[in-house]
Amino acid sequence: MPNVPHPHLAALDPEGRLYNEDLAPSTERHWHSYNYFAVWMSAIHNIGTYTFVAGMFALGLTAWQVLLSLAIGITVLYFGLLLAGRMGVETGVPFPVMARLSFGIWGANLPALVRAVIAIAWYGIQTYLASLAVVVLLLRIDPGLSAWQERSFLGLSLLGWACFLLLWLLQMFVVTRGMEAVRRFQDWAGPLIWVVMLGMAVWLFSQANWHLPMNRSVQPVKGGAPLAVIGGAFLLVATYATMMLNYCDFTRFGKDKKAVRFGTFWGIPVNFVAFAAVSVATTVGALTVFGETITDPALIIAKVPNTAVLVVGAVMFIIATVGVNVVLNFVSPAYDLANIWPKKITFKRGGLISAVLALVVMPWKLYSSPVVVNYFLGGLGALLGPLFGILAVDYFLVRRGHIVLDDLYRVDEGGAYHYSRGVNRTAIAVFVPTATVSAIIALVPAFSSAAPFSWPLGVVLSGVAYHWAMRRSAASTRQVAVSRTIAPQTVDALD
């Protein structure tokens, strides 16, 4: 679904430094409620969500406490996504262009690159994790393939390479065909995992003699159950904080305000709570039947004494992993990289570059390194709270939704978002210290008890500081005043 060209925007940027058709406000708006419902099924129905739920039992929580924690986190996530979704519906622009409002036309590359690096790394890691399921499946079907496991190249077995490249190419087939191909894929990929999850839950329930001890815990909870429940809730929010930043990449294609609002409602509060409940029941069932907390549902399927069931379950988990990878880890870097050099990099080329980089970084090595996963990716993840705080406060409180869309693509100094040489120094001055605080709390062992709260703390600190600083910055006040003298250039907005 190509976007309709905007000749007047191209005229504002004749050298293509800020504009291409993929970054322009969307004019083709065909996404319905089900499309957004399916987006969240693809994002949620995956091994990572199950692993997160199972991991909460390791904290010492009971099943009921885990459900309460998830319900709180899902509620916070839902309202945050409504704000992010509204920005996309009202402007029709993708995340890196949206970031130009608060960071400036050139400064927007900072939040875009932070989001892109996180997505590219996890794109590779998720592809690698899905390939492991393919390896298990192939070895179950043909044990003779184990000989391919004995030879390796660059730290990955030959069979592992074959499976990784298979999934890498499968995803490339989907994502290089644009956002409409992404929409069509996730429309059916997300619902598939419900089949295997419900089947697995029923099987475990039967093996447990139709009784699941929901009050059972693995170990005594440390620091008190209430703190662990709230901490788990915000860990869930932080897990999907990337999507909260770039949800406008999807909502910009919404047919109308109701499509986004209803689709998000059914996808998050309704669907997520239901999937969380099934994941909790499955975890408790595995604990009851096998005497241990199994964090990988593929390992539960492997215990089913039926090869046909194993094949079907593994294939569905593979499709689900591809689905979450496309939604969470592909769309954003495709736009983010296009924003760096719009004249040469389109959405499809940005996606191709992202996929190649995800292969080059050898994700199996990244995943096997606690330093990389915990400190590098964890540190970058801690920056998402301050970024969201700045963007949301700027849009809703500082500008109150008054946006000059044309000036988002205007390179001369007369644009409302040019600031100082294209960079809003106020946003940078707020982001750096608040992001540092968030990263310290998230990563320094001395603050481990407060680590789950690094995301909300980053949102509050950056939001309050940015609002205060913008009201006192003469240059920034001038930019806001320019925005408010022009009627909001928006489409039908969420209420």
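Me: Is D394 buried or exposed?

Reply: D394 counts as buried, at 1% relative accessibility. Buried means under 20% relative accessible area, exposed means over 50%, and partly exposed is in between, with a 1.4 Å probe and protein chains only.

Me: What should I keep in mind about the model itself?

Reply: This is a predicted model, where local features need pLDDT of at least 70, side-chain atom pairs count only at pLDDT 80 or more, and totals for chains, interfaces and linings use all residues. Residues are numbered from 1 along each chain as its sequence is written, and side-chain values use heavy atoms, with hydrogens and water left out.

Me: Back to D394, then. Which residue does D394 form a salt bridge with?

Reply: R399, with the closest N and O atoms 2.7 Å apart. A salt bridge here is a side-chain nitrogen of Lys or Arg within 4 Å of a carboxyl oxygen of Asp or Glu. R399 is buried too, with a relative accessible area of 0%.

Me: How many salt bridges are there in the whole structure?

Reply: A search of the whole structure finds 4. One of them joins E90 and R86, whose closest N and O atoms are 2.8 Å apart.

Me: Where do E90 and R86 sit?

Reply: Both are in helix α4, residues 63–91, and they are 4 residues apart, so about one helical turn separates them. Helices are DSSP runs of H or I with at least four residues, strands are E runs of at least two, and both are numbered from the N terminus. E90 is buried at 5% relative accessible area, while R86 is partly exposed at 29%.

Me: Which residues are linked in a network of salt bridges?

Reply: D407, R410 and D412. Within that, the side chains of D412 and R410 meet at 3.0 Å, N to O. D412 is partly exposed at 34% relative accessibility, and R410 is partly exposed as well, at 27%.

Me: Switching to R29. Where is R29 found?

Reply: In the loop between α1 (7–12) and α2 (33–44). R29 counts as buried, at 15% relative accessibility.

Me: Which backbone oxygens lie close to a polar atom of its side chain?

Reply: For the R29 side chain, the backbone oxygen of V89 lies 3.5 Å from a polar atom, and the backbone oxygen of R252 lies 3.4 Å from one.

Me: What about the core? Which residues touch the most other members?

Reply: The largest nonpolar core has 141 residues, and W40, L70, F250, I268, L408 and Y417 touch the most other members. Helix α9, residues 179–207, gives the most to this core, with 11 residues. A nonpolar core is a set of buried Ala, Val, Leu, Ile, Met, Phe, Trp, Tyr and Cys residues joined through side-chain atoms within 4.5 Å.

Me: And which residues form an aromatic cluster?

Reply: W31, Y36, W40, Y247, F250 and F253 form one. W40 and F250 are also on that list of core residues with the most contacts to other members.

Me: How many residues of helix α16 are buried?

Reply: 9 of its 10, so α16 (residues 331–340) is mostly covered by the under-20% cut-off. Among the buried ones are P333, Y335 and D336.

Me: Last one: where does L158 lie?

Reply: In helix α8, residues 158–175. L158 is partly exposed, with a relative accessible area of 31%.

Technical notes:
Rings of Phe, Tyr and Trp (its six-membered ring) pair if their centres lie within 6.5 Å; planes under 30 degrees apart count as stacked, over 60 as edge-to-face and the rest as tilted. A polar contact is a pair of N or O atoms within 3.5 Å; within protein, one must be able to donate a hydrogen and the other to accept it, and residues adjacent in sequence count only if both atoms are side-chain atoms.
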